[in-house]
Amino acid sequence: MSIPQKDLTFQKLGLDCANWTEPVYSDLVRRSAGNEEKMLVLYFNRIGWPTSLPTSEKEPFVKSVLQEKKNALEELMLKSLPLRPGVEDFIDDACNKGIPVIILTAYGRSGEKTARSIVEKLGDERLSKIKVVGNEEVEKSLYGQLVFGKGMSSSLDEQLAKEARKAASAEKQRIAEEVASLLKVSVNIDTSSSERLEKIVASLRAGAEIAEVPVCNCILVAGSKSGLAAAEQIGMPRVALRSSFTSRAEFPTANAIMDGFGGPDLTISKLCQKRWS
């Protein structure tokens, strides 16, 4: 939740006393590791919760703030938020060198609609050269079908065995084995963070599948710790891209950390020269 989103959200909820300055926001991001619910809890613990709010209603209140934030963000995105400087040249350079570019809109906390509204600012010509992977594309991917079970007519075990037999490449075989392992332990996993991580992993897998590139040869460029953690889990090289609000954040799971696109920061040439371990 960035500062402009915060202003709109708090105003609409009648919380005029709530005010996030950039230093306060940066501190909350650092202390919460980017978890939005935790950020709000830390913030209201600091300034005080609304006096009329019962203790038992704190969780629903936080969720309502986040939903209002999502609405405010969509409004902001559709109006005026620009693309990140240098990203258009970065994408053009990749396309000119024949490097597949996949933009993932499926796992962002702000929602796919918001993410796509930003992506559309790249323009039709540029979008025709890249692939955008949203929820529908993830669900239709091999990994998505196995994990989320969409359209399965046979039992899960039978479907996994069938897909394993059909796998024609080492990559597909690894996917089948990973899914089998995941399903085996899923009864012991019951946390929202692990479910979110699973969705991000599915998005990354779907992106690699659509690009027709092995996961280990893809590179994730992201600004969220959850995306970087999911990429680390499946062995995908990853670059953390800082923003003005995460300039002091630490990204321990990243192979590299950059401040932006172009010039001394992130370029296609640097990615091609890098040897990922």
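Is glutamate 137 buried, exposed or partly exposed, and at what relative accessibility? At 27% relative accessibility, glutamate 137 counts as partly exposed. Here buried means under 20% relative accessible area, exposed means over 50%, and partly exposed lies in between (1.4 Å probe, protein chains only).

This is a predicted model: local features need pLDDT of at least 70, side-chain atom pairs count only at pLDDT 80 or more, and totals for chains, interfaces and linings use all residues. Residues are numbered from 1 along each chain as its sequence is written, and side-chain values use heavy atoms, with hydrogens and water left out.

Now to the charged pairs. Side chains of opposite charge can pair when their charged atoms come close. A salt bridge is a side-chain nitrogen of Lys or Arg within 4 Å of a carboxyl oxygen of Asp or Glu. By this rule there are seven.

One of them joins arginine 116 to glutamate 137, at 3.6 Å from N to O. Arginine 116 sits in helix 6 (residues 112-119) and glutamate 137 in helix 8 (residues 135-140), so the pair ties together parts 21 residues apart in sequence. Helices are DSSP runs (H or I, at least four residues), numbered from the N terminus. Arginine 116 is partly exposed, at 28%.

Next, aspartate 92 and arginine 126. Their closest N and O atoms are 2.8 Å apart. Helix 5 (residues 87-96) holds aspartate 92 and helix 7 (residues 124-127) holds arginine 126, so this bridge links parts 34 residues apart in sequence. Aspartate 92 is partly exposed at 25%, whereas arginine 126 is buried at 17%.

Note on methods:
Helices (H or I, at least four residues) and strands (E, at least two) are DSSP runs, numbered from the N terminus.
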